[in-house]
Amino acid sequence: MTITTTLPPASDLGFLLHKHPDRVQAFGQSFGTAHVFYPEASRERCTAALLLDVDPVKLVRTRGKGTPDFSLGQYVNDRPYAASSLLASAMANTFRTAMRGRCEPRPELAARPLPLEIVLPALPCRGGPRQAERFFAPLGWTVEAERVPLDPSFPEWGDSRYVTLRLSGETRLADALNQLYVLLPVLDEAKHYWIAPDEVDKLIRAGEGWLAKHPDRGVITRRYLANRRGLVRAALGRLADADDAPEDALDRDPLDEEPPPADPSAFGPVPETPEAEEDARAAPPPVPLAERRIQAVLETLRSERARRVIDLGCGTGKLVARLKQDDGFEKITGVDVSYRAVQIAHRRRLPDPYGPDRVPRVEIHQGALTYTDERFRGYDAAVLMEVIEHIDPPRLGAVERVVFGDAKPRVVIVTTPNAEYNVRYEGLDQGAMRHPDHRFEWTRAEFADWARRVGAAFGYGVRIVGVGDDDPEVGAPTQMGVFTKEAGGA
């Protein structure tokens, strides 16, 4: 990895890294040796290089759970040649003081943004160049990521899973190093050591000031912590508790819902010309499934001309926030059983303040869906978005009676995972569910049977819609039931 700056005197980069430009230094690691040197160091331009020399034998002694078990794979792999968690670990050991933003000789330099260019020649990147841009661009970087061919002499072999990554922009050196420390293993989706609970502390420390505001903070957190669900929930909770942090602590689905492509062609045909490659890079990134769910619900509410909406199981208020942006909805209420979720929604200032002669347009309440509640009545539409699968099956009947039998809105919208689609998610064991709190996940036939039974029992017609890309074999990842009250229904 190389780090270059052009802010005169550029050689002051040595002060920030606490490594003298005139010296070549070596630092022992548990898996090899890290070397720091400066290919160029002038007043106008200075480049620092971190070269990691990995000892395969030492690496075997520190291998993590994800290391290949076959004997040769323990010694012959890509770790000595590609930027990975090994490089991130070497950064933490070699540039520890720089990552903390400390520089006694030049404190003003450590505190200010610098023009930086960072180059990683070979970075394992699941998802290819688009994924690298998805993670780095929101941090203010100009991202150039090019696929590394398997062998330039044999172009017909195609591309490898590696990219050459070039980042350019103005930021504090400490911020740049901490972002790389987190995102290198995230892009690789592998670590060379066991994920212990103290990894949450490392993530929160390295992510201070940027991770809580990142639009993909949930995905980054899950990948960094290897989808260890208890650790993920703890980390997201701490991010949500940070000042002005968005709401991730109580997100209902910790699984990365966009199944990653197994090869580059899964993003579409591999471009054959430079112009086609440029067009492919300019294409917008895919819309996350969570956003597509919200869009589907909003479109349905508008088409049904619902003006008074209650979100049952609102969590921290993502849908409520979107409803609030649309003046077409005159009354919006969110309800959740979690007191902490309601607190977070209030911290986000979603509810309207009460005035002396004013009825608030937006309200948030704590409440359970298994008990009748007069506050649930009087709405055009009720939404249960990714809620029913969190309810124990014996208690589902009570929810049906409360929502369809007592509250009786004109429209009820229910979304839930399609269990058949789970085979498209890498890392999800056969028969496993997408969230540790899910009590069940229904196939399309099971959801349709439930929807028809409930509709018939309470006088609702129902139509079922898939949300997300429709797979010809297993359907869409989310299924949505739209219940509409029939004339003369009970």
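This is a predicted model: local features need pLDDT of at least 70, side-chain atom pairs count only at pLDDT 80 or more; totals for chains, interfaces and linings use all residues.
1. For Trp-442, the relative accessibility is 14%, and it counts as buried because the cut-off is under 20%.

2. Now for the rings themselves. Searching the whole structure turns up nine aromatic pairs. One of them joins Trp-442 and Phe-447, with 6.3 Å from centre to centre and 35° between the planes, a tilted arrangement. Trp-442 also pairs with Trp-450: the centres are 5.4 Å apart and the planes sit at 35°, so this pair is tilted. Trp-450 is buried too, at a relative accessible area of 6%.

3. Zoom out a bit and you'll see that these residues belong to a cluster linked by ring pairs. Its members are Phe-404, Phe-440, Trp-442, Phe-447, Trp-450, Phe-458, Tyr-460 and Phe-483.

4. Have a look at two arginines as well. Arg-106 places its charged end over the ring of Phe-15, 4.2 Å from the ring's centre. Arg-308, for its part, lies over the face of Tyr-379, and here the distance to the ring centre is 5.7 Å.

5. Last stop, the surface. Leu-150, Phe-154 and Trp-157 make a nonpolar patch there of about 330 Å². If you want to find Leu-150, go to the loop between strand S6 (142–149) and strand S7 (159–171).

Conventions
Residues are numbered from 1 along each chain as its sequence is written. Side-chain values use heavy atoms; hydrogens and water are left out. Rings of Phe, Tyr and Trp (its six-membered ring) pair if their centres lie within 6.5 Å; planes under 30 degrees apart count as stacked, over 60 as edge-to-face and the rest as tilted. Buried means under 20% relative accessible area, exposed over 50%, partly exposed in between (1.4 Å probe, protein chains only). A charge sits over a ring if NZ of Lys or CZ of Arg is within 6 Å of the ring centre and within 35 degrees of the ring normal. Patches are made of residues with over 30% relative accessible area and no salt bridge: like charges are joined within 9 Å, nonpolar side chains (Val, Leu, Ile, Met, Phe, Trp, Tyr) within 5 Å. Accessible areas come from the Shrake-Rupley method with a 1.4 Å probe; for residues, only the protein chains shown count as cover. A salt bridge is a side-chain nitrogen of Lys or Arg within 4 Å of a carboxyl oxygen of Asp or Glu. Helices (H or I, at least four residues) and strands (E, at least two) are DSSP runs, numbered from the N terminus.
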